[in-house]
Amino acid sequence: MEMKKLIERINLLYKKSKEEGLTEEEKKEQEILRREYIDIIKGNVKVQLNKVKKI
């Protein structure tokens with residue numbers, strides 16, 4: 001999923017959880033999307049760290 005759409009969906013589910021609550025299916029989706037987001041960020045950090053040169 002595209003990062004922008006991923007973040008939008010995570011935010012939408014968060015807002016809905018605070019306003020009216022989530023169904024079990026939505027809770028699972030939220031958990032999966034959050035894990036996907038974290039994995040993407042961790043991957044980006046690893047790539048950046050691998051580019052750092054030791055002196």
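Leaving aside residues up to four places away in sequence, which residues does Met-1 touch? In this predicted model, Met-1 touches Leu-6, Leu-33 and Glu-36 once those sequence neighbours are not counted. The briefing below begins with the pair of helices that pack together, helix 1 (residues 3-19) and helix 2 (residues 24-51), and then takes up individual residues, among them Gln-30 and Glu-26, which are buried in helix 2.

**Packing of helix 1 and helix 2**

- Helix 1, which covers residues 3-19, packs against helix 2, which covers residues 24-51, at an angle of about 140°, and the axes of the two helices are 10 Å apart.
- That angle makes helix 1 oblique to helix 2, because an arrangement counts as roughly antiparallel only for angles over 145 degrees.
- The crossing that helix 1 makes with helix 2 is left-handed.
- On the side of helix 1, the contact is made by Met-3, Leu-6, Ile-7, Arg-9, Ile-10, Leu-13, Tyr-14 and Lys-16, while helix 2 contributes Glu-26, Glu-29, Gln-30, Leu-33, Arg-34, Glu-36, Tyr-37, Ile-40 and Ile-41.
- Sorted by class, the residues in this contact between helix 1 and helix 2 comprise ten nonpolar, one polar and six charged residues.

**Helix 2 and its buried residues**

- Helix 2 is made of 28 residues and spans 41 Å from its first C-alpha to its last, which is close to the 40 Å expected at 1.5 Å a residue.
- The buried residues in helix 2 are Glu-26, Gln-30 and Leu-33, and the buried residues of this helix pack against helix 1.
- Gln-30, a residue of helix 2, counts as buried because its relative accessibility is 10%, and the cut-off for a buried residue is under 20%.
- Apart from neighbours within four places in sequence, Gln-30 is in contact with Leu-13, Tyr-14 and Leu-22, and of these partners Leu-13 and Tyr-14 are listed among the residues by which helix 1 makes its contact with helix 2.
- Glu-26 also has its place in helix 2, and with a relative accessible area of 15% this glutamate is buried.
- When residues up to four places away in sequence are not counted, Glu-26 touches Leu-13, Lys-16 and Gly-21.

- Glu-29 is found in helix 2 and counts as partly exposed, its relative accessibility being 27%.
- With residues up to four places away in sequence not counted, Glu-29 touches Arg-9 and Leu-13.
- Glu-29 and Glu-8 are 21 residues apart along the chain, and their C-alpha atoms are separated by 13 Å.
- Glu-36, which likewise lies in helix 2, has a relative accessibility of 26% and therefore counts as partly exposed.
- Leaving aside neighbours within four places in sequence, Glu-36 is in contact with Met-1 and Leu-6.

**Met-1, before helix 1**

- Met-1 lies in the segment before helix 1 and is exposed, with a relative accessible area of 57%.
- The C-alpha atoms of Met-1 and Glu-36 are separated by 9.0 Å, although these residues are 35 residues apart along the chain.
- Leu-33, another residue that Met-1 touches, is one of the buried residues of helix 2.
- Between Met-1 and Asn-44, which are 43 residues apart in sequence, the distance in space from C-alpha to C-alpha is 15 Å.

Methods:
Residues numbered from 1 in each chain as written. Predicted model: local features only at pLDDT ≥ 70, side-chain atom pairs only at ≥ 80, totals over all residues. Heavy atoms only, no water. Axes fitted to C-alpha atoms, helices over the stretch in contact; angles between N-to-C directions. Helix = DSSP H or I, 4+ residues; strand = E, 2+ residues; numbered from the N terminus. Parallel < 35°, antiparallel > 145°, perpendicular 65-115°, else oblique. Left-handed = near helix turned anticlockwise from the far one by under 90°. Contact = heavy atoms within 4.5 Å. Nonpolar A, V, L, I, M, F, W, Y, C, P; charged D, E, K, R; others polar. Buried < 20%, exposed > 50% of the residue type's maximum accessible area, 1.4 Å probe, protein only. Expected span 1.5 Å × (residues − 1).
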